[in-house]
Amino acid sequence: QVQLVESGGGLVQAGGSLRLSCAASGLTRSAYNMGWFRQAPGKEREFVAGRHWSGSTYYADSVKGRFIISRDNAKATVTLQMNSLRPEDTAVYHCAADLNYPMTSPDYWGQGTQVTVSP
């Protein structure tokens, strides 16, 4: 019923930028915390960036200063602007929605979009 659809992934060289978008549908209200997680092959899923429904944002130390999360409630979208990309950023990026804060166990997940950063 609830759908989160990511887009914007692709292949980019180190130092480049990508902008991911997440289109949400089926959410009953805007009170969900929205964020991004990523998972590389053989690695556990890790938190990347999140935005509390009230407006506060928070980032993993590994991406702080390089990534920016934003949200447009009117359009029911959340974006992740990724700058100064590094090969270690390569992963499948998933959009997520969570009624709880912080985002430790999201209620809904998108299917993900692949981001590959070449050296």
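A residue is called buried under 20% relative accessible area, exposed over 50%, and partly exposed in between (1.4 Å probe, protein chains only). On this scale Trp109 is partly exposed, at a relative accessible area of 30%. The structure is a predicted model, in which local features need pLDDT of at least 70, side-chain atom pairs count only at pLDDT 80 or more, and totals for chains, interfaces and linings use all residues. Residues are numbered from 1 along each chain as its sequence is written, and side-chain values use heavy atoms, with hydrogens and water left out.

Rings of Phe, Tyr and Trp (its six-membered ring) were paired where their centres lie within 6.5 Å, with planes under 30 degrees apart counted as stacked, over 60 as edge-to-face and the rest as tilted. This rule gives 5 aromatic pairs. Phe37 belongs to strand S4 (residues 33-39) and Phe47 to strand S5 (residues 46-51), 10 residues apart; strands (E, at least two residues) are DSSP runs numbered from the N terminus.

Phe37 is buried, at 6% relative accessibility, whereas Phe47 is partly exposed at 22%. Phe37 also pairs with Trp109: the ring centres are 5.0 Å apart and the planes stand at 65°, so this pair is edge-to-face. Because Trp109 lies in strand S10 (residues 108-109) and Phe37 in strand S4, the pair ties together parts 72 residues apart in sequence. Ring pairs join Phe37, Phe47, Tyr58, Tyr101 and Trp109 into a cluster.

Notes
Helix = DSSP H or I, 4+ residues; strand = E, 2+ residues; numbered from the N terminus.
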